[in-house]
Amino acid sequence: MKNRPRFTLYLLVGLSVVISFFPIVWLILTSMKTTAGIYAWPVQYWPDPVTLKNYWSIFTETPELLRYVLNSFIVGVGCTILTLSVGGLSGYALSRLRMRFAGVLMVVILSVSMFPPIALLPALFQSFLQLGLLNSYSGLILAHTGLFLPYTVWMLASYFRTLPVEIEEAARMDGMGFLRIFFTIILPLSWPGFVATGLIVFIFSWNEFPLSLVLMTQDAMRTAPVGISLYPGEFAFPWETISTATVIAIIPILIITAIFQKQILGGLTAGSGK
Amino acid sequence: MITLNTLERRTQFVGLGFVTPTFLIIALILIYPVVQSIILSVGQSSVDGFEPYQFVGLKHYAALMVDDRFWRSLSVTLIFTAISIPLELILGVGLALLMNETFRGKGLARLAVLFPWALPTALNALIWRWMYNADYGLFNAVGLESGLISEPMNWLGDETLAMASMVIVSVWKTSSFMALIILAGLQSIPRDLYEAGRMDGMSRWQEFREITLPLLKGSIMVALIIRSMDALRTFELPFSLTDGGPDSATETLSLYAYKVIFEFVEFNAGAAIVVVQFAVIFALSLLYILTLRGKD
């Protein structure tokens, strides 16, 4: 009798795991089929023969797909670094420096985080065009940073709040300045918070679509999700290339999620619950 | 000699310095564009913004009122939100309850909850588009072979079916996020409440209804509002899955606004759509902030 609920539990867990993973498994299987295998009817469930030819063609025939992944990396890393450094400073000020209006500023940051990205598009496109920032890494990095800064400030502020105040007070007694306290005491103590926030911001930036679509209009500057979605355009839809490129574009994200699942989980729930 | 007063003043000064870069970037990337969208929506201007701007009043809003495609996209957005959010909530609560149990293989289960969240929506939509494919798709193959369906279905080609297909993809991807927020709420419920309940001889269902659910109300509210705001601005899902088709049956407000702005190249008309959408979402976000306030 006692085993009954355990059995149901494992059944339900198993079911959720299978449902979560099957699209990715199907994607990977598709990417290892020959063109004939992909368009076979009845459907070929298992690749027969298994081939890595599609992966080879990404290097030889459609190198632009690797370029998209590289662009995503540059933008993602740039955005993460900028977001953490700018957001870290203000998160510290708003949570620890007993600033006037800190509460009001936090609410302002929270409300702007809810702006729909589409609402930003007409004006951002126009000003980026006038400023010559279209199709530039720095432009998209700046745009992504603006988009994800509110989340970063909230996350880091809530992390700083968990650190004991006494250390800072002691340091101030010793005559240390604010910047030195921030860099030599706060930063080393709060790196787990920075890691969690940084990983989540990187994933956000990697996955971001509307701004990346509109602000990078040249094919060579597209990020991975946008480039692959638009590949190859109107007439044909070569699934062998698309599924292979998709595997390559999601692998970095899947690896990060798998390795840092605890940090990411903690970061996500801390950011949304409070 | 530093007096308290100068220390206080210095703190304010340094704090200001620390927050300035953040507010500059936010003003530049978030606030200015929204204000500019409002200005664009009541005027006429060239796409590159170099021609002089001309104020035209509410002309573009009046045009929207008689634009069938606008109303259609608004209703598509609302229907999509109204169907997917309750489904997500039920699944989310279920998943959260599961994840709150202790069992072997919990790491794998946690990964299964995180994976759908971590995938880029646009690429996720492509993967499903291929599984939905009417000629070579996985769903038709499995459905036919198992006898669940008697003939191949055109998942993305029929108006009702396309909406249902889009809802399924969205629910698959985002129930897990709903579950994460609710799980955080679950873990903050004190254990001894359940022990007390057990003493009183409560059944599992009674425990859920009388302890868990009332204490989860806050987290559920937060999850609902965050997810609704996301659903109301859904863009890349229909962009990659159906391109809004068939016949605008899955064209969300965001997708329609994008097409008006960048395909029909009518910045001012598009800005009006964007402002309407913004107003809806902003009202919801105020509700969210008030809810959060109430929690503290």
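What we have is a predicted model, in which local features need pLDDT of at least 70 and side-chain atom pairs count only at pLDDT 80 or more, while totals for chains, interfaces and linings use all residues. Residues are numbered from 1 along each chain as its sequence is written, chains are lettered from A and ligands numbered from 1 in the order in which they are written, and side-chain values use heavy atoms, with hydrogens and water left out.

Two of those spans can be described further, with helices (H or I, at least four residues) and strands (E, at least two) taken as DSSP runs numbered from the N terminus. Residues 73–94 of chain A are 100% helix and 0% strand, with end C-alpha atoms 30 Å apart, whereas residues 101–125 of chain A are 80% helix and 0% strand, with end C-alpha atoms 33 Å apart. For chain B, the unreviewed UniProt entry lists "domain: ABC transmembrane type-1" at residues 74–288, and over this stretch the chain is 78% helix and 0% strand, its end C-alpha atoms lying 22 Å apart.

On confidence, pLDDT being the predictor's confidence in each residue from 0 to 100, chain A averages 89, and 95% of its residues score at least 70.

On a 1 Å grid over the protein atoms alone, a cavity is a set of points where a 1.4 Å probe fits but cannot get out, a pocket is an open set with protein on both sides within 12 Å along at least five of seven lines, and lining residues have an atom within 4 Å of a point. Grid points are joined across faces, edges and corners, and a volume is the space filled by probe spheres set on the points.

Of its 45 lining residues, the closest to the centre are Phe148(A), Phe204(A), Ile226(B), Asp230(B) and Arg233(B). The lining divides into 29 nonpolar, 9 polar and 7 charged residues, where Ala, Val, Leu, Ile, Met, Phe, Trp, Tyr, Cys and Pro count as nonpolar, Asp, Glu, Lys and Arg as charged, and the others, Gly among them, as polar.

The second largest cavity holds about 60 Å³, and its lining has 7 nonpolar, 3 polar and no charged residues. H13(A) gives the most to that lining, with 4 residues, and the lining also includes Leu126(B), Ile127(B) and Trp130(B).

Those three residues are also among the buried residues of H5(B), buried meaning under 20% relative accessible area with a 1.4 Å probe and protein chains only. Because 10 of the 12 residues of H5(B) are buried, this helix is largely enclosed by the rest of the structure.

Finally, the largest pocket has a volume of about 1,200 Å³. Of its 39 lining residues, Gly94(B), Leu97(B), Leu98(B), Met99(B) and Glu101(B) are the closest to its centre, yet the largest share of the lining, 11 residues, comes from H1(A).

Key: UniProt positions renumbered as here; feature names shortened; annotations may be inferred. Buried < 20%, exposed > 50% of the residue type's maximum accessible area, 1.4 Å probe, protein only.
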